[in-house]
Structures are given as C-alpha cells and as structure tokens.
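Reader: I would like to learn how to read the features of a model like this one. Please take them in turn, the general idea before the case.

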Number of protein chains: 2
Amino acid sequence: MDIGIGLFGLGTVGRGVVKILQENAEQITKRTGSRLIVKHAVIHNLTKERTGFVKNFPITNQATDILDNPDIQIVVEVMGTLDQAYDIIKRSLNAKKHVVTANKDLIASRGQELVAIAEINGVDLFFEAAVAGGVPILRTLSTSFTADEISRVAGIINGTSNFILTQMASNNLSYADALKLAQNKGFAESDPTNDVEGFDAAYKLIILSNFAFGVQPVLGDLSITGIANVTDADIADANAFGYVIKLLGVAQVVGSAKEAISIEVSPQLVPFTHPLATVHNENNAVLVNGESVGEVMLYGPGAGEMPTANSVLSDLTNVATDLALNTPGHPFNSFNQDLDLAKPSQRIARRFIVVEVDDTPGAMYSVTGMFAAAKMSFTDLKQTPAANGTARLVALTHPASDAQLNVIRTTLRNADGINLAAEYKIFS
Amino acid sequence: MDIGIGLFGLGTVGRGVVKILQENAEQITKRTGSRLIVKHAVIHNLTKERTGFVKNFPITNQATDILDNPDIQIVVEVMGTLDQAYDIIKRSLNAKKHVVTANKDLIASRGQELVAIAEINGVDLFFEAAVAGGVPILRTLSTSFTADEISRVAGIINGTSNFILTQMASNNLSYADALKLAQNKGFAESDPTNDVEGFDAAYKLIILSNFAFGVQPVLGDLSITGIANVTDADIADANAFGYVIKLLGVAQVVGSAKEAISIEVSPQLVPFTHPLATVHNENNAVLVNGESVGEVMLYGPGAGEMPTANSVLSDLTNVATDLALNTPGHPFNSFNQDLDLAKPSQRIARRFIVVEVDDTPGAMYSVTGMFAAAKMSFTDLKQTPAANGTARLVALTHPASDAQLNVIRTTLRNADGINLAAEYKIFS
C-alpha cells in the first residue's frame, strides 16, 4: 500500500523526516508493508533554500495543496508555531487525515481539544517527538505500563538547561559562559527564556502527566522554577555533599489516598549514584516509578534533527500499521482520571538550603532557631566564610513541606542580616 | 468484554501476575476496555502451598483444564521449564489461544518455530518479560525503531552477574564472597553457572538480535565469556584507568557493507562517564544505537516478582487491545534479514590486556615486541610488581581485532616467563 505524506514545515525536523523516509525507504516498506511517500511540503518562505535532502516532491506555500490532496493520508506538522499549527492540524483532522506533530506547546495547551477532533474523525493523532526528542517515552507509557500504577514521572526534559548545568558542573563555567557556549553550539536560542526559565520543560511535563496519570493540567497548575539563579557556589556545595544539580520536571501522586498530584519544574539535587545524575549535556531522560515495575528510566538525545525525526517516523510507522490493520482513530493516550492539585503541605522533600548571614556571634543561633520554629531539622550543616564579612551556611534538611519552607521564607525576609540565598529540593 | 486467562505456573512471576490482575483490576478494565480474569492455574506440585494472592480460581495439575477450557483466551506460561513449556505453548497456540511467556531459554532456542505456529493460528505470542525483566525493551524495539537502522544493541542483561561485579567494585569483595552474597540475597542460584558463565545473557541477546537486526542466531553463533575469571586486581586496574567492568551482551553490525553481525557476551570495560557504567547491582539496561536516533538507553529492574510480572501484564493488555480491535495474530517482531556472522578480523575494539612477566631485564622489551609483531599499539601502559618476582603489566591498546588478539594469545602461550592474565574489550 502507498501512503501519501504531506509535510508542513521543512526546518530541522522536517528535513530529518524526509531524509529517513528516503534513505530507509526499503526497510520501512519491509517492516510496515507500506510505502511512505512525501507527496508535498508546505512552507512559509519559498525563497529560503532547502538543502540536505533530495527534493522529489513539490514545495509550495498553500496549505490547501496538502489539505485538499486526496493522495495524502498523513499530515506531518513540524512548523513549530502555535496558532497556525493549531489551525492546520484541526483542518487536517477534519479532512480525515492522520496527523503526526512534534509541537509540544500546542499539544500541552490544546491537545485535549485536538485529540477529541481526531477521535470524532476516526483518525490518528500522534506526537511522540513532542517530548524528549528521540526518547520513545510516550508510546512506552501508553503500551507498557497500562496495568501498572505509576507513582512518579521525573525527567531531564530540557536539553538546553541540562547542557548549561553540565558545563557549569564539569568545566567550572559560570552560568553566563555556559549559556553563551550553548548558544554557540546551537543548543540555546538567542532569547533562551523558554528553555532556562523552565517553560519548555513544563510543556513536556504536562504531556507526560497526561500519559502517566491521565490528568489534564494547564500551565498555571505547575510550579515552575528555571535555572537562571543556579550559581557556581550552589553547584560546588551540592557536589561536596555528593549531589549534582539538574533541572527536573517531576509529576507525582501525593496524599494519603493518592488523591492529589504535584507537578513541578525546578532545579533539584540528584545524588551522584542515581541514574539521572549521569545524564549529561543535551541528553534527556525520563524516570518512571511504578508500583509494580519499580524504577525504569529511558535515556537518549533530547533534540536534534535525526533523533526527533526518528520519533516522527515511529509515529508514521504506527499510523501505517493502523491503516494496514484498519484500526486508526484510537487515542494515543486513553488514560483519564481526576486528581486534585497537591497542597504546599503535601509537597514534601529533603531540602538543600543556603543562607547568607552576617558573620557575628549568635548569627548561627538565630538561623537555627528559625528552622526549629518551622519544625525543620538538619541532616548536614556546613558554614564557610563568604564575602564582606558574611558567612555562607549550607543546610541539608530532613523531609519538609513547601508549607514549612514558606514559613522559613517569610521569617528570613523579615530578619536583619540573614538572607535566603538558594533553596533546592533533594531528589531521591 | 471478559477475557479469561489460564496460568501455567504459580511461582514468583505467576504470583506477581495474579496480584497485579487483582489489585489493579479496575484500572486495567478502564484502560483496555476488558476485564482480565484468571480462570484457572495449572501447577506441577499441588501439595506445595501457594501464598501471596487471593485464590479465587481453581488450581489443578492437568494441562487440559486450561487447554480445553473455551472460556480461556490467553495462556500465561511462567513455568520456567524448557520441553514442557514448549509442549504447553504449542498446544495452546494450536488451540487458538494467545500466549504470553517469560521463558527466554525457550524463545531463544525455539522461538522461530513457535512464532510460525502462532501466525498460522492467527493468535498472539508475546514475551516482553523474557528480556531484562521490567524493562520494556522488546516492545520499544518493535514499535519505536521500525524506521531506524540499528547498528548496535548492548545490554547489561544478567542481574546476577551485574550484582556480583558491582559488589566486587564497590565493596571490595572477592568474586567468591560477592557470589555468596548474591546467593544469600536470592539473586543467584545455588548452581550459578547459567548466570555467571554468560548463558542467561546469551539467550536474552539472541532475542534482542531477533528484534533489533531481524536475525535468528543460535547459541553456537555467539562468543560467550562469563565473569568467573574477573579478578579484584582487574577491577582495580580498570578503575585506575577510569573504567568499570560489566558483563555486556553486545550485538553489532560490522563490515564495510554492513553485511555481518557480531554477537558476543563478555565482561568489558565501560568508561565511568557512560550511562551503562551507572547500572548497579541487580538492575539491567539495554543501550540501542540507531543511525537516526543516536544512543538511547532503557534502564530498570532486571528481575523480581513484580517488575517481571509487569512485563507479562503489558503483554496481556496488548493482547486485550488486539482482541478489542480484532487484530491479533501479527508477530511481536516482524523484522527479518540475513546477515553473515562476523569474522574475527571484523570484531574490532580497544583492549585492556594484563600480562604477567618475570621481573627481569628485557622482559618488557620482549612483551612489547610481541605486540608490535601483532600490529597492536598501546594508548596506556602500567607496570606494577606482583607476587614471586613477577611484574603485572596492564596495557590499553588502540583498536585491534579478535584475529590480532589470537596472534598475541598464541605467541604468549609459547613464551617462557610471560603469561596472559586477562583480556577485555573496552566498550565505547
């Protein structure tokens, strides 16, 4: 069977898709029983040169060239815009075309609506490439953990941030220098906000939460902290206690009746011995904790032309299989349940807290008094002299809630000569 | 829809399967649309007490109680024998029952035949639990890398060996003490041959090779070396150069036209910075290198009641989906190709070689001469005094083939006062 593909977008991922379809055509046909053929590509800017693949299909800037083409069964949306992509995908689904997209922002914000439209039209809507690039985490969640109760999903799902933190930790670069290096290498954009402030990870974590817990959070439901305030000193101190700092997206079920979910993007301390600690540079990893399976991790390239294109291809071959078996139209993720949002008192973790105090007699006494008042106790303490007659106090605590931490925050804000310099959860 | 399940075997994995089916019944029904109900279990020894689950189904020792029961659509084979399991699975398939098994020895040795019988009868035969316990590697290979060209699969796929090597490296235990600890913890059997000699890993690697490369090797096609000869000294020396020793199963495509495959189980040196190096104790991991996707790794528990049962459950829910969609009978792995077996000259890697020489003038000269004659050159050399007036020479080489190593082996065997103490490939 011949399956026609229409491509919206011929940027990095689009070119990768064309390359794999051309170079591995024989293998794909052998394994799916179908020939997947790019029939048409639609792009914004026709004057921009398209290189890196054999152009054996027409390229225009008219969406209808794909949408009205009856020989095209699958639309691949890799434009990377929001409103336009929404429009294209919706029109494609309503034209009974299957859709494969890598658009995490769109799926995270309006995925539920598009999934419903796909279902009404009896077509597939797949988006493996939207989360963690080449790592096949979504299909694994939907096919291999169906019978298990997942308690936590934790991922290093933003390659830019992980590259920056790795460079800071391994090569003693400052945040600014590491960011510059990431930009030079093409791992960070000139405006890096979306990556370093945690929004990109947040979108991916929303999609992971759909699949792992059947919930449909919006961005406002998440607690989001980026890496822009991570300092060399924090990294060095974490290192001295056996931890590395990683930007994690963590969604976990909490509450005595497992009734709530905490969804958070933040830099956290990961023990050296934990598999997540060894995920370096632009790589991604997603850790899944299931009641039955225990701890499973999927690791791989988080971005890049070919890895991301490979995830698009895995979606395409799955559509091809559905077409061959006449079984399209079943949602990528069929898990739905209602969970409350976790309260601050339910978000519990060990903490790594850095306080700067005037280096005077009694300063330590007054800090420890504040922690005692918040009912927080320490496992480790380290005090070192800092600049301008201050001392840097690093404290690792026993498990404490966000509510307790808010007490500490308020107390410190009102205290003279004491300043909360940094605060991280310790991942375990 | 109600789907009846018949269980052959109620050992560790069987009990885990019953537990998950009972405890997560509601979730499974919600997500698959079917109720999965154990209708009957058949075991060898009826006098042995079965605990750890609610017995709400009959248990007998008559295979026909399952095979002739029209209410049973799926047979789960978790007996762990070879000939009997073959017989049961064959009869089940011929009775048009879908089969889920965790039996790696059987699938590795007679899988092709059983797959053909399943296809003739239009039923499913799944065996995710046969490789790497809770790690969903087979389904990932068959659904997420269909369009990619896989160049290598490398796994830590024997939990017992990995536990022993981890204990030797981390806690300075001798091989004998680490093995004893593994036996006490239930990670090794009283006769550990199958695990420590590499046969268990070999069976799993055969199945991985089926899925990743479409080849059907037999045990004799593999080069198999276990861990019984790994010494404390080897581990310490590897450590000094930045490596950890792991028992790896490695299948990779070689040759200028990618025409051959090398399939090998052996202890190898893995760099500290590689993700495989952080797979500790009884955990498993499988690394997949694809032309498009790059390097992806799946990590998780390699054995145990609940992780392995979760893999059986993922097979069961996939059969349930096939039944709901009316699409059973498609092979778990549809990839088939012919590759030659790699020649020794095609099996190329950097080497870690340990030679014991009489500590006399000229000894080093004569050793290095032998390596020069085999056209092997060094990247690192370290000589330390050893017992009885000998010296221990550790050499790390540039890439060299098994053929070159055989030359060295022969030369050393004929040399006085020089002994090849150990030889490992360096994984990269």
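Reader: What area is buried between chain B and chain A?

Author: The size of an interface is often given as the accessible area lost when the parts come together. Buried area here is the accessible area (1.4 Å probe) that two parts lose on being put together, summed over both. Between chain B and chain A about 4,200 Å² is buried, and carbon and sulfur atoms give 54% of that. On the chain B side, B:R31, B:A147 and B:Y299 lose the most area to chain A, together 18% of what that side buries. This is a predicted model: local features need pLDDT of at least 70, side-chain atom pairs count only at pLDDT 80 or more, and totals for chains, interfaces and linings use all residues. Residues are numbered from 1 along each chain as its sequence is written, chains are lettered from A and ligands numbered from 1 in the order in which they are written, and side-chain values use heavy atoms, with hydrogens and water left out.

Reader: How many residue pairs are in polar contact between chain B and chain A?

Author: A polar contact is a pair of N or O atoms within 3.5 Å; within protein, one must be able to donate a hydrogen and the other to accept it, and residues adjacent in sequence count only if both atoms are side-chain atoms. Between chain B and chain A the count is twelve residue pairs, both residues at pLDDT 80 or more.

Reader: Which element of chain B gives the most to the side that touches chain A?

Author: Helices (H or I, at least four residues) and strands (E, at least two) are DSSP runs, numbered from the N terminus. α12(B) gives the most, with eight residues.

Reader: How do β12 of chain A and β12(B) run where bridges join them?

Author: Two strands pair if DSSP finds at least two bridges between them. Strand β12 (residues 294–301) of chain A is joined to β12(B) by three bridges, and the two run antiparallel. A:L298 has B:L298 as its bridge partner.

Reader: What is the strand order in the open sheet of chain B?

Author: The six strands follow the order β3-β2-β1-β4-β5-β6, with parallel pairing. β3 (59–60) and β6 (125–126) are the edge strands, each pairing on one side only. Within the sheet, β1 (residues 2–8) and β2 (residues 35–42) of chain B pair over seven bridges, and B:F8 is partnered with B:V42.
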